[in-house]
Amino acid sequence: MRQPTLNAVKAFEAAARLGSLKAAAADLGVTSSAVSHQVRQLEAEIGKRLFIRHNNAIELTREGHRLFEEFRPALRTIARVA
């Protein structure tokens, strides 16, 4: 089973938590296009659409919401252990 990259997971989690690719980019210290690229890579890897993209906004899909709920505690665990 192929695992998604940690950068893609972090980009997705930040975008989902903050509700914005731009805000996620600022939070992670990268560009908006880097966050967008990582999220699209994650979507391609898992074969599911995670966000509905509007002009200047994003909205989690049902699958995106489920994944967000699973990733958040895992990322907190990684941060705590590190």
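How accessible is Arg66? At 42% relative accessibility, Arg66 counts as partly exposed. The model behind this value is predicted.

## Arg66 and helix 4

Arg66 belongs to helix 4. Its C-alpha atom sits 9.3 Å from that of Leu50. Along the chain, Arg66 and Leu50 are 16 residues apart.

Helix 4 covers residues 62-81. Its 20 residues should span 28 Å at 1.5 Å a residue. The end C-alpha atoms are 30 Å apart, which agrees. Gly64, Leu67, Phe68, Phe71 and Leu75 are buried in helix 4. These buried residues pack against helix 1, helix 3 and strand 2.

## Helix 1

Helix 1 runs over residues 6-18. It has 13 residues. From first C-alpha to last, helix 1 reaches 18 Å, close to the 18 Å expected at 1.5 Å a residue. After helix 1 comes Gly19, with a positive phi near 70°.

Which residues of helix 1 are buried? They are Ala8, Val9, Ala11, Phe12, Glu13, Ala14, Ala15 and Ala16. The cover over them includes helix 2, helix 3, strand 1, strand 2 (58-60) and helix 4.

A pair of rings is described by the distance of the centres and the angle of the planes. For Phe12 and Phe51, the centres are 5.5 Å apart and the planes are at 50°. Phe12 lies in helix 1 and Phe51 in strand 1 (residues 51-53), so the pair ties together parts 39 residues apart in sequence. Phe12 is buried, with a relative accessible area of 0%. Phe51 is buried too, at 2%.

The other ring pair is Phe12 with Phe71. Their centres are 6.0 Å apart and their planes are at 80°, so this pair is edge-to-face. Phe12 is in helix 1 and Phe71 in helix 4, so the pair ties together parts 59 residues apart in sequence. Both Phe12 and Phe71 are buried.

## Helix 2 against helix 3

How are helix 2 and helix 3 packed? Two packed helices are described by the angle between their axes and the distance between the axes. Helix 2 (residues 21-28) and helix 3 (residues 32-46) pack at about 105°. Their axes are 8 Å apart. The angle makes helix 2 roughly perpendicular to helix 3, because angles of 65 to 115 degrees count as such.

Helix 2 brings Leu21, Lys22, Ala24, Ala25 and Leu28 to the contact. Helix 3 meets them with Ser32, Val35, Ser36 and Val39. The residues of this contact divide into six nonpolar, two polar and one charged.

## Ser32

Ser32 lies in helix 3. At 33% relative accessibility, Ser32 counts as partly exposed. Buried would need a value under 20%, and exposed one over 50%.

Leaving out residues up to four places away in sequence, Ser32 touches Leu21, Lys22 and Ala25. Ser32 and Lys22 are ten residues apart along the chain. Their C-alpha atoms are separated by 5.1 Å.

Is Glu43 buried or exposed? Glu43 is buried, with a relative accessible area of 10%. This residue is found in helix 3. Setting aside neighbours within four places in sequence, Glu43 is in contact with Lys48, Arg49, Leu50, Phe51 and Arg53.

Thr61 sits in the loop between strand 2 and helix 4. At 14% relative accessibility, Thr61 counts as buried. Not counting residues up to four places away in sequence, Thr61 touches Arg49, Leu50, Phe51 and Ile52. Arg49, Leu50 and Phe51 are among the contacts of Glu43, and they are among those of Thr61.

Notes
Residues numbered from 1 in each chain as written. Predicted model: local features only at pLDDT ≥ 70, side-chain atom pairs only at ≥ 80, totals over all residues. Heavy atoms only, no water. Axes fitted to C-alpha atoms, helices over the stretch in contact; angles between N-to-C directions. Helix = DSSP H or I, 4+ residues; strand = E, 2+ residues; numbered from the N terminus. Parallel < 35°, antiparallel > 145°, perpendicular 65-115°, else oblique. Contact = heavy atoms within 4.5 Å. Nonpolar A, V, L, I, M, F, W, Y, C, P; charged D, E, K, R; others polar. Buried < 20%, exposed > 50% of the residue type's maximum accessible area, 1.4 Å probe, protein only. Phe/Tyr/Trp six-rings, centres within 6.5 Å; stacked < 30°, edge-to-face > 60°. Expected span 1.5 Å × (residues − 1).
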